[in-house]
Each structure stands twice: as structure tokens, then as C-alpha cells.
Amino acid sequence: MPEVSHEWVAELKKGSIQLCLLALLAGQPKYGFLLIKELRDLSEGFFDVKEGTLYPALRRLEDRGFVKSEWVEREAGVPRKYYTLTDHGRKALAEAKAVWGEMAGSMNRILRGSR
Amino acid sequence: MTVDEYLRRVARGMAGMDRRVRDDALRELGSHLADAAREQGEAQALASAEPPEAVAARYKEMYGYGRTYVAVFAAIAAALAVPTLPLLLYGGEGVLAFAATLVFLFVLVAWLMAVAVKAGSTAGLVAGAAACASRFASLAVLLAAGSAEVRDANGWVLFTVVSVLLVAIGFLPGRAKEKWRRRDVGL
């Protein structure tokens, strides 16, 4: 049985999911199902996000003005809602990446000392 | 369970939310499940999805009740506030009038707290403000009709303090709950 609590791991994931979403949307507009797959594949299964977590997180980003969404009709299949990073979101992503880099560097230095 | 049944259960859990937000969220969930079903099959897509009630609860926690419901909650609070004026119903300062006032005040406070906790601090604040305004409006009507009077400054102070407290009672429990539950901090 792991010593580290499940809640702590869940909190770490929850705290970083919005940054991951902004990063994934930096390239091109994407819809929710694709974002879930990319999160899972790129993280090698670490971020296995459910739809009940993803869509509220995307809506929070939209409420903050970091992303905007648009329904796109398709010739075959149901319409999809695509999310696009806004200029505001791009600035937030840059800032958050800088903070993340600083934290990762600090953590690595501290953890290196614990070996 | 089918995708349609799943979405119906989510919709039931979202009852009372703003219709525009609810319909958009349901449409998006439906789109997601259609993509998942095409790739994994409907049974697997639904098996890996979160329980519909949990999904609905997350949205409801984010958006709360829609304006129509908030208005209904406020209207009920305003109606409950009217009989909290002892003179309005009983026309005197007897024991019955004050006992009735306390009972109605208790009912009103219970309602405001229930709205605040269940529907959030904004809905509670609106309901509390409606109750406060209703008390002043009722008193104004009584004074204008000459069927009531506030005899001294203490009466005005007590009336005003109780009325303003209703706003706080409508706001604070919901706010406390939101602060206590807000564990996820976004960007």
C-alpha cells in the first residue's frame, strides 16, 4: 500500500490541469474528447481525466477569458465544441509556465539533496 | 443504460440551473459521449464515464441556480418577511403579536439559511435583501395607512438592525460554505 495519500496526488493533478489545458490549446483549437486523449497520451496515463472534470475546468478557463469556445457543425457526426486560446490565455500560459519552471527547478534542487 | 438515459440523469441533477448553461453543458457531454461511443462502444464509454449525478453536481456547484429560481427564492423570502411585522397582522403589541413575530422570524431565517447553503451566497444575498426590502416596504405601507406607528428611536433601531441582519443571514452561510469547500484554485 502506498505511503503517499491518494488525495495528495489528486490535488497535485487538479492543481496542474488548467495549465496542461492551456498548453495543449496553444497550437490549435481542440474539442474536449481530443484534449482528454492528448492529456492521457502525452502524460503516459498520469492525467486520466474524466469528462466531469475536464468540461468544468474548460468552462472555468472560459469564464476567466483564457479560452473561447465555438460549436462546429460536421457533415458526419454530432457537432463538437472547439476551444481556442485567447491572447489573454496566451499571456496566462506564459506566466504560468514561468512559475511552473521556477517551482520545478526549486523542487528538483531540494529533492536532489534528499537522495 | 444508454447515452440518452445518462444525459437525462445529468439533466435531472442540473434542475434549477440557468437553462442556457445547462443545455450547452448537456450538448457538450452528448458530443463527448458520441465521440467516446464511436471509439470504444457505447457500453464502454458509459462505463468509463463518471456517475451522471456527480457530473451534474459539479456543474451545479459552479453555476448554482438560474435567475428564475433565484427570483422565486427571493419572492418567497419577501413574502415570509411580511408577517414578521407584529403590527401588520395583529395590530397591537400584545404577547401574541410578538410571539407570532418570533415564529415568523425563525421561519424566515431558516428559509434564508437554506437558500444560502443550497443555492449559494448570491442567491442568499438576493433573498436576504428581498426580505429586508419587504419589511421596510410593509412598514411604509402601514405607516402611510396610519395603522401603525414606531413610537421611539429604539423601535427604529431594532427594526433596522433585524432587517439588515436578514441580509447578512442570507449571505454569510453560503459564503462560509463556498470558502470551506473551495479547495481547487485555478490559474
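1. In this predicted model, the side chains of B:Glu39 and A:Lys37 form a salt bridge with an N to O distance of 2.9 Å. B:Glu39 belongs to helix H2 (residues 19-40) of chain B and A:Lys37 to helix H2 of chain A, so the pair joins two chains. B:Glu39 is partly exposed at a relative accessible area of 48%, and A:Lys37 is likewise partly exposed, at 24%.

2. A salt bridge also links B:Asp35 and A:Arg80, at 2.8 Å from N to O; since B:Asp35 lies in helix H2 of chain B and A:Arg80 in strand S3 of chain A, this pair too joins two chains. Here B:Asp35 counts as buried, with 4% relative accessibility, and A:Arg80 counts as buried at 12%.

3. Within chain B, B:Arg9 and B:Glu53 meet in a salt bridge of 3.0 Å, N to O. B:Arg9 sits in helix H1 (residues 3-13) and B:Glu53 in helix H4 (residues 52-63), so the pair ties together parts that are 44 residues apart in sequence.

4. A:Arg59, A:Lys81, B:Asp24 and B:Glu28 are linked in a network of salt bridges.

5. As for the interface as a whole, 29 residues of chain A are in contact with 27 residues of chain B, and the two chains bury about 2,600 Å² between them, 51% of it on carbon and sulfur atoms. The count of residue pairs in polar contact between the chains is 16.

Conventions. Residues numbered from 1 in each chain as written. Chains lettered and ligands numbered in written order. Predicted model: local features only at pLDDT ≥ 70, side-chain atom pairs only at ≥ 80, totals over all residues. Heavy atoms only, no water. Contact = heavy atoms within 4.5 Å. Buried area = accessible area lost by both parts, 1.4 Å probe. Polar contact = N/O pair within 3.5 Å; in protein donor to acceptor, adjacent residues only side chain to side chain. Salt bridge = Lys/Arg side-chain N within 4 Å of Asp/Glu carboxyl O. Helix = DSSP H or I, 4+ residues; strand = E, 2+ residues; numbered from the N terminus. Buried < 20%, exposed > 50% of the residue type's maximum accessible area, 1.4 Å probe, protein only.
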